[in-house]
Amino acid sequence: MTDSPEPPSFRLAYVPGVTPAKWVRIWHERLPDVPLELLQVSAAEASDVLRDGGADAGLVRLPVDRTVFSAIPLYTETSVVVVPKDHVVTAAEEVTLEDLADEVVIHPLDDVIGWDRPPGEPAFERPATTTDAIELVAANIGVLVVPQSLARLHHRRDLTYRPVTDAPQSDIALSWREDATTDMVEDFIGIVRGRTVNSSRGRTQPEPERKQRPEKGGGKGGGRKPATGTGKGAARGSSGAAKGFRGGSGGAKGAGARRGKPKRRG
């Protein structure tokens, strides 16, 4: 007896700072029979993992090579400066790059902002990782500018952060290899785009059948209700109505004249 083949799975890569939990939960609700495997990768290696087929799609930081990958931008992150809690920067709600001109700004090798030129004074050397840079900030060696999600990821009780209003921002996107757009990739695209469970993957839906409109006269004020009385009672009601019209003004007379026989002309 041969073993049954393993069910297909969907492999999702994501970079530090990105939280895929909401989309993963929806995936499990809609596709309970298709396992979803999470793979955390550094921002630098995300493209290689997708290109080599190590993941079906990824939550990555832009830019990506658009000749190879498709990408759907999801949101933009504010950049913040991470400082010790007793730093002078904490006196303000937000700062600018000019406010950091006299600070030693640490620039790790895994930086994801992509500076043309980092602000402030350069540190003596560049640490390998953002984690190492956070340790240097805690030791009062300098300050660090990162996307807000990374500041939260590396939170410490002795550090805090403030938004940098004019710093470059970081864009998060769902990306996948363009020549590997599978049905499961389409399913995940629908989830991150907020499509409902009944909607297809972007296909045109047939228009819903329109309800038939009621016939004229059937609605409010559309016509007189038919008389419900019968026999003599109905006749007396009609007679009373006729008397009411005869007691009216000339409009009723005109109506009576129209009901009469036409006069002969001499």
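Biologist: How many nonpolar, polar and charged residues are there in the lining of the largest cavity?

Modeller: This is a predicted model, in which local features need pLDDT of at least 70, side-chain atom pairs count only at pLDDT 80 or more, and totals for chains, interfaces and linings use all residues. Residues are numbered from 1 along each chain as its sequence is written, and side-chain values use heavy atoms, without hydrogens and water. A cavity is a set of points on a 1 Å grid over the protein atoms alone where a 1.4 Å probe fits but cannot get out, and lining residues have an atom within 4 Å of a point. Ala, Val, Leu, Ile, Met, Phe, Trp, Tyr, Cys and Pro count as nonpolar, Asp, Glu, Lys and Arg as charged, and the others, Gly among them, as polar; the lining divides into six nonpolar, one polar and two charged residues.

Biologist: Which strand gives the largest share of that lining?

Modeller: The lining includes Asp110, Asp111, Thr130, Val145, Val146 and Pro147. Strands (E, at least two residues) and helices (H or I, at least four) are DSSP runs, numbered from the N terminus. The largest share, three residues, comes from residues 143-147, strand S8.

Biologist: Is helix H5 largely enclosed or largely open?

Modeller: Buried means under 20% relative accessible area with a 1.4 Å probe, protein chains only. Among the buried residues of H5 are Met184, Val185 and Phe188. Seven of the ten residues in H5 (183-192) are buried, so the helix is largely enclosed.

Biologist: What covers the buried residues of H5?

Modeller: The cover is judged by contact, that is, heavy atoms within 4.5 Å. It includes helix H1 (21-30) and the strands S1 (10-14), S2 (36-40), S4 (69-77) and S10 (170-177).

Biologist: How are the rings of Trp27 and Phe188 arranged?

Modeller: Rings of Phe, Tyr and Trp (its six-membered ring) pair if their centres lie within 6.5 Å; planes under 30 degrees apart count as stacked, over 60 as edge-to-face and the rest as tilted. The whole structure has three aromatic pairs. In this one the centres are 6.1 Å apart and the planes stand at 50 degrees, so the pair is tilted.

Key. Buried means under 20% relative accessible area, exposed over 50%, partly exposed in between (1.4 Å probe, protein chains only). On a 1 Å grid over the protein atoms alone, a cavity is a set of points where a 1.4 Å probe fits but cannot get out, and a pocket is an open set with protein on both sides within 12 Å along at least five of seven lines; lining residues have an atom within 4 Å of a point.
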